[in-house]
Amino acid sequence: MLIAIVPASPKTGRAAIHALLNSTATTAPITVKGVYRDLSRVPEEFLSNPHFQAVKGDVSDATSLDLTGVDAVLAITPPIYDGTDFLACARTASENTRLAIQKSGSVQRLVLLSSFGAEHESGTGEIMSNHIAETVLKDAAKEVVLARCTYFMENWAPGVETVKSEHPHLYTYITPVDFEVPMVAVKDMGQAFAHYLLAPSIPESPYIVEVHGPRPYTSKDVQRAFEEAVGKDVELRLVEKKDLSQFFAAFLPKNTAEAFTEMTTAFLPGGVMANAYVENSSSARIWRGKTELNDAIRELCEGSR
């Protein structure tokens, strides 16, 4: 079985490759093809694996994508934070991926890395890139899985620097501090993608699944996780809704800052996505990872040494 990761360079792609190469879900031989715009970014651990292939390709260039012989694809919409029109880039990447799948004549299943709130047609800021991807790719293959991931635990990575500063502190825009948000670790996302890429069948197409961590968490939980990781008190500094624009504008281009402001407002209490964070623990549509927030934060802090 040949599985392509398009593109493979994001952390989510790397996690999926690692999960696939170490999977025991099937006895059939698996080969993973990673599509990279820059082959120098291929991790050495993959290059030394006989079941891995690295190929050059760019989702912004349809002529560079070749999925001939591929059985299943994990599609990732690359994040764009440089001020470029990220919605136009998402459409181009999705259309080029769809074209490559159709030209292959072999791809039977597509798993798309999507996001909570992707069902909304407007008002979700940066998440609109996932809505576009879902719209373009929902019938790109015979079997399609739309894996809507919750808040990445790794989104807290910028906090590592501030909690290790002279005056340890952590900024949070998830307010109020007791507001619970489902969060998931990237490595658990990789496990979820591998599961649906290798599953013998899916119930329907497109099949929508929510990818969660073991439980929802609050900003206070994040604060405590950092305090445990660094072994000292950490001040929690709140970024209220009214200050979101100024906060994001301090380190993001104008259009990206506006998109992050709208996205954040959308998932906080009163936003258009707020109801999506009310979990139904009995739902078969939830795939639940095992990595606890404390473990993910500790790994972030240890990785910065």
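Which residues form one aromatic cluster? They are Tyr81, Tyr171, Tyr173, Phe247, Phe248, Phe251 and Phe260.

A word on the ground rules: this is a predicted model, in which local features need pLDDT of at least 70 and side-chain atom pairs count only at pLDDT 80 or more, while totals for chains, interfaces and linings use all residues. Residues are numbered from 1 along each chain as its sequence is written, and side-chain values use heavy atoms, with hydrogens and water left out.

The structure holds 12 aromatic pairs. Here rings of Phe, Tyr and Trp (its six-membered ring) pair if their centres lie within 6.5 Å; planes under 30 degrees apart count as stacked, over 60 as edge-to-face and the rest as tilted. Two of the pairs are set out below.

| Pair | Centre to centre | Angle between planes | Class |
|---|---|---|---|
| Phe46 and Phe52 | 5.4 Å | 40° | tilted |
| Tyr196 and Tyr207 | 6.2 Å | 40° | tilted |

Tyr196 lies in helix H6 and Tyr207 in strand E10 (residues 207–212), so this pair ties together parts 11 residues apart in sequence. Helices (H or I, at least four residues) and strands (E, at least two) are DSSP runs, numbered from the N terminus. Both Tyr196 and Tyr207 are buried, meaning under 20% relative accessible area (1.4 Å probe, protein chains only). Phe46, at 2% relative accessibility, is buried, and Phe52 is buried at 9%.

Helix H6 itself covers residues 186–198. Of its 13 residues, 10 are buried, so the rest of the structure largely encloses H6. Among these buried residues are Val186, Met189, Phe193 and Leu197.

Key. Expected span 1.5 Å × (residues − 1). Buried < 20%, exposed > 50% of the residue type's maximum accessible area, 1.4 Å probe, protein only.
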